[in-house]
Amino acid sequence: MADVTFENIDKIYPGGTQAIFEFSLAVADGEALALVGPSGCGKSTLLRLLAGLETPTSGVLRIGGEVVNDQSPQQRNVAMVFQDYALYPHMTVRQNLEFPLKMRRLPRLEIEQQVKWAAELLSLGEWLNRLPRQLSGGQRQRVAMGRALVRQPTVFLMDEPLSNLDARLRGQIRAELSELLDRLGTTTVYVTHDQAEAMTLGDRVAVVDHGRLQQVAPPQELYEQPANIFVAGFIGNPPMNLFPAQLTIVSEGRLRLRLGEQSLPAPDYWRQWLDAPLTAGIRPEHLALTSQDSGLRATVHDAEYLGHETLLYLRIDGIALIAPVMVARLSGIRIFHKGEAVRLALNTAHLHLFDAAGLALDHGMTGGDARR
Ligand SMILES: Nc1ncnc2c1ncn2[C@@H]1O[C@H](COP(=O)(O)OP(=O)(O)OP(=O)(O)O)[C@@H](O)[C@H]1O
Ligand SMILES: [Mg+2]
């Protein structure tokens, strides 16, 4: 087992594309780190750098404290599961599992023990004599993971291993994998563009955009305290509602948060950002309907009835939203008509504020707790 560190890594591919910028991150021994970000942000490049399939242009990569920049993939003892989990088609499941061990010239008995261990761990026992084409996609995926595991790597790298599976199987294997990673305690870096997958599998989640680390934090912290607008909009589904806002003073010196032509009372702590151009963000579950006149005036644009909840898409009178509509998440089924006028209560304790550079402001409270 080993910890992994990226120290100020840059990666410029031949041809001049810079895929990674000043990337620094430490993955603890035994930790499962999920790397998440949009297509092309550099996730696979980061994994390939760790696996030794690419070399960093500058910076230092360490595994177990040792600098590995110039080590071959074999010297690193990392195992990588790729998106297309290429199994050898002409080999049985057993032969696929044995292959990496034979390559290392392990004694016959040890190979048998290792294969037995992996087969039990992943419930592959029934399929050992089948060929990959005689298995379903999910079963093949398990074999690919088994083949990576039998080597007992110091670091386990997975690049979108579930992306070829249907939603249901993904959910099932995701749960199995989560349990497996806990049980094995092998340091793991897991790449996905699916934020829900990252949140369920990662002890911590690192969000990457355009080759730069945006934030790394445990799932709950990432959700509740996004460090910038990118993370706020990327983590969470439906995404956080974002809109331009400004703090102003009305009569008697009282502070209000102005949203277009409307405004809400604001805690005095925010006075330091008076008149600054801000972006405000609120998650769909922190909007509620109210009968009070103080609520924001809104118009129903559409509603999705999902059974356990209703997603209400709204236009807010007088506010140009960054997305075309604002989404409110209401529990249960509530029937609405397009064009219906409603009043929205917006819980300022759950409001996120970002400055002109997109960075989160310390807004004096998080989920209602005071914070300095
Ligand atoms: N071998 C290469 N040569 C030149 N540019 C490359 C190479 N591989 C990747 N890139 C570029 O580097 C950037 C990051 O690519 P990478 O494959 O790491 O993204 P990703 O986050 O894994 O994306 P996806 O989610 O689509 O798999 C992209 O702009 C890509 O075009
Ligand atoms: Mg990729």
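Trainee: In which strand is the place of Glu22?
Mentor: Helices (H or I, at least four residues) and strands (E, at least two) are DSSP runs, numbered from the N terminus. In this predicted model, the place of Glu22 is in strand E2.

Trainee: At what pLDDT do side-chain atom pairs count?
Mentor: Residues are numbered from 1 along each chain as its sequence is written, while chains are lettered from A and ligands numbered from 1 in the order in which they are written. Side-chain values use heavy atoms, with hydrogens and water left out, totals for chains, interfaces and linings use all residues, local features need pLDDT of at least 70, and side-chain atom pairs count only at pLDDT 80 or more.

Trainee: Why is Glu22 classed as exposed?
Mentor: We call a residue buried under 20% relative accessible area, exposed over 50%, and partly exposed in between (1.4 Å probe, protein chains only). Glu22 is exposed because its relative accessible area is 56%.

Trainee: What is phi of Glu22 near?
Mentor: Glu22 is a residue other than glycine, yet its phi is positive. The value is near 40 degrees.

Trainee: Which residue in E5 is the bridge partner of Arg62?
Mentor: Look at E4 (residues 58-63), which pairs with E5 in the antiparallel sense over two bridges. In E5, the partner of Arg62 is Val67.

Trainee: Is Glu54 buried or exposed?
Mentor: Glu54 sits in the loop between H1 and E4. Leaving aside neighbours within four places in sequence, Glu54 is in contact (heavy atoms within 4.5 Å) with Lys11, Tyr13, Arg48 and Leu49. Its relative accessibility is 18%, so Glu54 counts as buried.

Trainee: Which helices are included in what covers the buried residues of H3?
Mentor: In H3 (residues 93-103), the buried residues are Val93, Asn96, Leu97, Glu98, Pro100 and Leu101. Their cover includes helix H4 (108-121) and helix H5 (137-149).

Trainee: Which bond is cis, from Asn237 to what residue?
Mentor: Omega of this peptide bond is near 0 degrees. The second residue lies in the loop between helix H9 (229-234) and strand E11 (241-249). That residue is Pro238.

Trainee: How far apart in space are Gly358 and Asn237?
Mentor: Gly358 is in the loop between E20 (352-354) and E21 (365-366), and beyond four places in sequence it touches Ala227, Asn228 and Ile229. Gly358 and Asn237 are 121 residues apart in sequence. C-alpha to C-alpha, the distance is 20 Å.

Terms used
Pairing = 2+ DSSP bridges.
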